[in-house]
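Hi everyone, thanks for making time. Let me put the model up on the screen, and then I'll talk you through it.

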Amino acid sequence: MAVKPKTRMSDALNAAQVAISNTLADAELQGLVAEFGYEAARMQEGRALYEAAVQARNARTGAVGAQRDATANLKAAEATARAAYQALAQVARAVFVHEQEHLAALGLTGPEPRSLAGFVMAAQTLFNNAQSVEAVRTALAAYGYDEAKLRAEREKSVAFERASLAQQAAKGAAQQATQDQNAALAELQDWICQYTKIAK
C-alpha cells in the first residue's frame, strides 16, 4: 500500500509509534496483548518496523533533496556550457564566413542541437576541432580563443555532461528511496493493522 501525501505518511508513522510505545510503556497492557500473541519480542518486532519506516522516510527526504540539488546544478551547468558554445560558434561563423570547410570541421553547418546528447557531441566537435585543426586554431587565437581559453571553454561542456550523469543518478536514487519508503511503510501498516484489530 503506497502512501504518497506527506500528511498521511506522518499520520501513519505517528499512529504506529503511539500504539507501540503506549503498549511497551504499560505493563498491564503488555500482559493483556501477550495473551493474544503480542509478547515483548513481537512488540519489539513492531518497533523495529516503525524505526525502519522512519529511516526509509528520512532516506527518501535526503534523496529527493539531493535530486533537487543535482537538477539545479545541471541547469546551471547547461546554461554555462551553452553560453560557451554559442560564443565560440558566433565568433567562428564570423571568422570563417567564406570558409565552409572550416565551419564543417567545427560542426557549425546547422542549428545548435537542443537535445542533451546532441549538444554534448556538437560541443565536443566544436572545441576539439578548434584545438586540433591548425588553421582554425591559429585564426581563432587572433580573436581571443587561444589554446588555454579553448580548453577552459571545452571544460564547461564536459562539466555539463558530468552534471547530467549526476542528476540521472540522483533521480534514480530518489526513485529507489521512494520505493523503499513505501515498502517499509506498507509492512509497518500491515503489522499495526493486525495488532490494533487484535488488541481491541
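Predicted model: local features only at pLDDT ≥ 70, side-chain atom pairs only at ≥ 80, totals over all residues.

Residues are numbered from 1 along each chain as its sequence is written, and side-chain values use heavy atoms, with hydrogens and water left out.

Okay, helices. When I say helix, I mean a DSSP run of H or I with at least four residues, numbered from the N terminus. Start with H3, residues 40-95, and H7, residues 147-199: they pack at an angle of about 160°, and their axes are 6 Å apart. The axes here are lines fitted to C-alpha atoms over the stretch in contact, and the angles run from 0 to 180 degrees between N-to-C directions. So H3 and H7 are roughly antiparallel, a label that takes an angle over 145 degrees. Their crossing is left-handed, that is, the near helix is turned anticlockwise from the far one by less than a right angle. And what lines the contact of H3 with H7? By class, 30 nonpolar, eleven polar and ten charged residues. Nonpolar here is Ala, Val, Leu, Ile, Met, Phe, Trp, Tyr, Cys and Pro; charged is Asp, Glu, Lys and Arg; the others, Gly among them, are polar.

H7 has another partner to look at, H5, residues 116-132. The axes of H5 and H7 come within 10 Å and cross at roughly 160°, so this pair is roughly antiparallel as well. H5 also passes H7 in a left-handed crossing.

Now the rings. Searching the whole structure turns up five aromatic pairs, meaning Phe, Tyr or Trp rings (six-membered ring for Trp) with centres within 6.5 Å. One of them is Tyr38 with Trp191, which is edge-to-face at 5.6 Å centre to centre and 90° between the planes; edge-to-face needs planes over 60 degrees apart. This pair links distant parts of the chain: Tyr38 is in the loop between H2 (27-34) and H3, Trp191 is in H7, and they're 153 residues apart. Both Tyr38 and Trp191 are buried, which is under 20% relative accessible area with a 1.4 Å probe, protein chains only. Ring pairs also bring in Tyr195, giving a cluster of Tyr38, Trp191 and Tyr195.

The charged end of Arg42 sits over the Tyr38 ring, 4.3 Å from its centre; the rule is NZ of Lys or CZ of Arg within 6 Å of the ring centre and within 35 degrees of the ring normal. Lys149 does likewise over the face of Tyr145, at 4.5 Å from the ring centre.

Last, some single residues. Ala92 lies in H3 and, at 0% relative accessibility, counts as buried. Its C-alpha is 7.3 Å from that of Leu103, eleven residues away in sequence. Gly144, in the loop between H6 (134-141) and H7, is partly exposed at 40%, the class between the 20% and 50% limits. From Gly144 to Val91 it's 53 residues in sequence and 9.7 Å in space, C-alpha to C-alpha.

Terms used
Helix = DSSP H or I, 4+ residues; strand = E, 2+ residues; numbered from the N terminus. Parallel < 35°, antiparallel > 145°, perpendicular 65-115°, else oblique. Phe/Tyr/Trp six-rings, centres within 6.5 Å; stacked < 30°, edge-to-face > 60°.
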